[in-house]
Amino acid sequence: MNGDCASFSCTVLDALPEQIAVLDGDGFIVAVNDAWRQCGMEHVRAGTGVGANYLEVCRRADGAGAEHAAQAAAGITAVLTGSRKQFQMEYPCHTSSRKRWFSMTVSPLAHGRRGVVVVHVEITERHEAESRLRIAATAFESSEGMMVTDSRGMILKVNQAFTRITGYPPEETIGRTPAMLRSGRHDPAFYKAMWQIISRDDSWEGEIWNRRKNGEIYPEHLSIAAVRDEQGEITHYVGALTDITLSKAANDEIRNLAFYDPLTRLPNRRMLLERLRQVLAASNLHDNYGALVFIDLDNFKTLNDTLGHNVGDLLLQQVGARLQACIRQGDTVARLGGDEFVVLLERMSNDPLEAAAQTETLGAKILEELNRPYLLGVHPCHSTPSLGATLFHQGKPSHPDELLMQADIAMYQAKQAGRNGMRFFDQQMQDAINAHVRMEEALRKAVELRQFELYYQVQVDQHGYPSGAEALIRWIQSDGNCISPANFIPLAEESGLILQIGDWLLETACAQLRRWQSRPATAHLVLAINISAAQLHQSDFCERVQQQIRNFGIDPGKLKLELTEGILLKNIEETISKMQLLKQFGLKFSLDDFGTGYSSLQYLKRLPLSQLKIDQSFVRDLVSNNNGQAIVSTIIAMAHSLQLDVIAEGVETHEQRSLLGKLGCHRYQGYLYGKPLPASQFQQILELCDA
Ligand code: C2E
Ligand code: CA
Ligand code: CA
């Protein structure tokens, strides 16, 4: 090597960024380049100038780098002794401000000379890039399925989880588009909307049905993110997907419990109402009619009670299946509970009559299907349903609960009409029911507020002299409106409110008798009160009556109870014993509306009555009609043979009065003598008569 050449190579070496040193066969440094020199002056390799023994320096090193230095010394020795051709290692060389990495390469000198060339190179940048890649790769291989596409959606890379979820290995995926996973469960509009969101937000997240390689369709949670370059152009899309089959199945199970009837697997009431709400809400899209058909099995309870619940359950399941077979796709069969089913028909004709006919046809089909014999385990069985239908216009807002109630009412009508048939809901009937409900509420309130008054209608003897009165109730509403008992007593009886009203009546009547007893003009009057069946059949009825009489200290002989034949026919033995007990106590009984019932002489004989009251309908017919006279004279003859007093009610004319007198009836009540009056007016009139 000549001098020029040596200085040229020194210049070249000095220009290199690698730190280079030449060691002789014993490890002494014989030459270094600039980069080595600078680095050596800077820090750790201090004391590594020409003439120093590099092996020694490495072996003596302590602190953080000691281990790597020892490794370096061993490597250099190995190359020096020829046991290795070359040695390479990487090592950290951190300063307080920076993390740096270097690599050291030891190569033997050329041409068989003893000695080595040691080259240190900083590899910090490469090292960091590699670790970034390692992190990215680890992250990419997560439990989520990952896929990277280019900006046109071509798949560039997928991870192992992707393959596990979809069944497609990378080689069958790369170069294709994610459309390969489409299940067919979403329409093009779905994907269009998804891509619109991605282009607006750079991301999308949601649940999607995809198809695995084996054809299985599964639900996945998918999130897609767009990756943009420094110029803001989209370069890639990254998709992360998780298979949610299991959590979906769990959700579905919960949903099943909430929305389906476990026995028949049909939608339950909640689901039906939900569906109905949707149909009504979507109504502006259609102009069609829909229908609800309420189905209730006749005599289901009997079957359940005689053959047991298991057999009953079998019937319900078979009925559910038959109903489902009757309907079109898109219509709904639901089980509300018990033996009640509902069919929801959608999108029928836009003509109400046609829609009704369609419903009728379906009803007939259901009737026929459900009438076919059943085999429940070993039990052959026959069952019939009653159906109630209501139509609704999909364009008009209506309330689901209300529609259901309408169908229910119609079904009830079908039951009333003899079962195993179908009825349509009709608005007039609904109005009547509504009025009934409102009236009952008002009556309940009236009982609370005691909005009642007793009117008194005089009863006279053959001389026209007042011998008593009948107490007739009036409901005086808060606006002063007076309601006839004919309009509310039946409702009071039906609702049970008659018991409270009866108590009030008894007390008021006794209080009135007390007042009458204290005045000469009225002291002799007998007061008749009307008693309803429910009152008389109260177990403590007799005690109640006796108690009130004692409370007011009145003469029991002045109280007369008016009963109708209908009341007496029920529980006849019990009624007789109650009447006997009260008769012994001193009370009197009158048989009201006599002649309108079925009383036989035979049973009238057994009743401890004191009076028969000829019904006003006979009195009305008396003058005009010969037959009327015949009836009235028979009643009077009957009364006489039973040694009962007889009174005619509804006497309005002198003619009626005189005919009745001729036929042998000598007591009268009616407008001819006086209309029912409030207590004060009644009292005034009697005192006038007396004067
Ligand atoms: P009722 O017991 O047969 O009472 C007779 C009805 O005939 C009364 O009607 C009375 O106002 C009416 N009346 C009396 N004289 C004449 C007449 O000359 N011509 C005509 N056209 N009608 C006459 P009201 O007060 O409307 O009572 C109707 C029904 O309500 C009663 O029939 C009775 O069944 C029931 N009722 C009335 N008050 C009570 C009560 O306090 N308790 C019970 N349980 N029922 C009562
Ligand atoms: Ca009466
Ligand atoms: Ca009557």
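The legends below describe close-up views of a predicted model. Local features need pLDDT of at least 70 and side-chain atom pairs count only at pLDDT 80 or more, while totals for chains, interfaces and linings use all residues; side-chain values use heavy atoms, leaving out hydrogens and water. Residues are numbered from 1 along each chain as its sequence is written, and chains are lettered from A and ligands numbered from 1 in the order in which they are written.

**View 1. Surroundings of ligand 1.** Ligand 1 is surrounded by 20 residues, the closest being Gln457, Leu505, Gln616, Glu652 and Tyr671 (a residue is near if one of its heavy atoms lies within 4 Å). The side chain of Gln616 has an N or O atom 2.8 Å from an oxygen atom of the ligand. For Arg474, a side-chain N or O atom is 2.9 Å from an oxygen atom of ligand 1. Ser532 places a polar side-chain atom 3.1 Å from a nitrogen atom of ligand 1.

**View 2. Packing of helices H22 and H24.** Helices are DSSP runs of H or I with at least four residues, numbered from the N terminus. The axes of H22 (residues 616-624) and H24 (residues 654-663) cross at roughly 95° and come within 9 Å. Axes are lines fitted to C-alpha atoms over the stretch in contact, and angles run from 0 to 180 degrees between N-to-C directions. H22 and H24 are therefore roughly perpendicular (65 to 115 degrees). From H22, Val619, Arg620, Leu622 and Val623 meet Glu655, Gln656, Leu659, Leu660 and Leu663 of H24, where contact means heavy atoms within 4.5 Å.

**View 3. Packing of helices H10 and H11.** H10 (residues 300-307) and H11 (residues 309-326) pack at about 140°, with axes 6 Å apart. Phe300, Leu303, Asn304 and Leu307 of H10 make the contact with His309, Val311, Gly312, Leu315 and Leu316 of H11.

**View 4. Asn53 in a loop.** Asn53 lies between helix H2 (34-42) and helix H3 (54-60). With 13% relative accessibility, Asn53 counts as buried (under 20% relative accessible area, 1.4 Å probe, protein chains only). A polar atom of the Asn53 side chain lies 3.1 Å from the backbone oxygen of Asp26. The Asn53 side chain also reaches the backbone nitrogen of Leu55 at 2.9 Å. Leaving aside residues up to four places away in sequence, Asn53 touches Asp26, Gly27 and Phe28.

Key
Helix = DSSP H or I, 4+ residues; strand = E, 2+ residues; numbered from the N terminus. Polar contact = N/O pair within 3.5 Å; in protein donor to acceptor, adjacent residues only side chain to side chain. Parallel < 35°, antiparallel > 145°, perpendicular 65-115°, else oblique. Buried < 20%, exposed > 50% of the residue type's maximum accessible area, 1.4 Å probe, protein only.
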